[in-house]
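Please look over the sequence and the structure before reading on.

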Amino acid sequence: MEIKVEKSLRVKREVLEISSELIFLMGKFLRERGFIEILPVIISPITDPLNHSVFDAEIKYYDGSYSLTKSMIFHKQLAMRIHPRIFSFSPNIRLETEEKKSTGRHLIEFTQLDLEMREATREDIMALVEEMIVYTFEELGRKLGDLIAKMNPHFSIPKVPFKKVRYLEALKEYGKDFENILSEKATEPFWLIDIPIDEREFYDKLDKNGKTLLDMDLMYPYGFNEASSGGEREYEYDRIVKRMEYKGNDFSSMRWYLEEVKKGIPPSAGCGIGIERLTRFVCNLSHVEEARLFPKVPGELSL
Ligand code: ASN
């Protein structure tokens, strides 16, 4: 295992300035639309089971243990009881295996702008995110356009609405590597929608067709690949139990969540947008490790 100390501090000052402005502008946009920022949850007895395996990140505490947050999905759903529109800049820990290093878009500690909206549909969230990106890029261009132009010849304000591509249709046309192929070919961000039930976690809502989900990934062009994932949520106890059984999720570690769902949680939709990936895209960086201070690359130890 390599120890890479000085690399952690090699991020460019300009990149940090752009990242800081992105965070500020997206928060401003959401506040102006009635969202409130909630503080992130770092440890909890429940966290996102994810659809792929990572090493455990648990902290023993007295007779029990806490998990480090992999995503705030369940806490966002519970927060819907208190306020209809929330967001958080949520640090996530996912102890990915070292192969993920070469994707250019994985860090084992990253931050996502996680947002959730009560009674919303997937379409509401896609429209909101499109508007937020356009607003953020316009304001960013006005303030830091010269700086960005030096790093990224492709930087432009995307046209809305973004194109929507059905997962299964893209898979049929381009084969297994369709996400990379489509992202390489694209010059504008686009949505990947209707992701099959086996490819995602239990909490995104199953369509009436019983096969695909009412969910979406936002994809960046020029090969930058996935930007965000989200969807409409399952919120009814019986449906959630069925979905967990289908996926083979562990019920005992999810009991805190299930107890709350039994009491009732509102329907909602939302998504999470990776801040380091957004910074990487705007600044045209080859790896997310160049998009933040103190990056934690899969398979390495660093400061
Ligand atoms: N934040 C994502 C969402 O809201 C979940 C995730 O990151 N796995 O759907």
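What volume does the second largest pocket have? The second largest pocket has a volume of about 570 Å³, a volume being the space filled by probe spheres set on grid points that are joined across faces, edges and corners. This is a predicted model, in which local features need pLDDT of at least 70 and side-chain atom pairs count only at pLDDT 80 or more, while totals for chains, interfaces and linings use all residues. Residues are numbered from 1 along each chain as its sequence is written, and side-chain values use heavy atoms, with hydrogens and water left out.

**Confidence**
- The mean pLDDT (the predictor's confidence in each residue, from 0 to 100) of the chain is 96, and 98% of its residues reach 70 or more.
- Confidence is lowest in strand β1 (residues 3-4), at a mean of 69, and highest in strand β6 (residues 85-93), at 99.

**Second largest pocket**
- Its lining is made up of 25 residues, of which Pro45, Thr47, Glu58, Ser67 and Ser253 lie nearest its centre.
- The elements that give two or more residues to this lining are β5 (64-68) and α7 (255-263), and β5 gives the most, with five residues.

**Largest pocket**
- The largest pocket has a volume of about 1,200 Å³, and of the 46 residues that line it, the closest to its centre are His52, His106, Arg200, Glu226 and Arg277.
- β11 gives the most to the lining of the largest pocket, with six residues.

How values were computed
Helix = DSSP H or I, 4+ residues; strand = E, 2+ residues; numbered from the N terminus. 1 Å grid on protein atoms, 1.4 Å probe; cavity = no way out; pocket = protein on both sides within 12 Å on 5 of 7 lines; lining within 4 Å.
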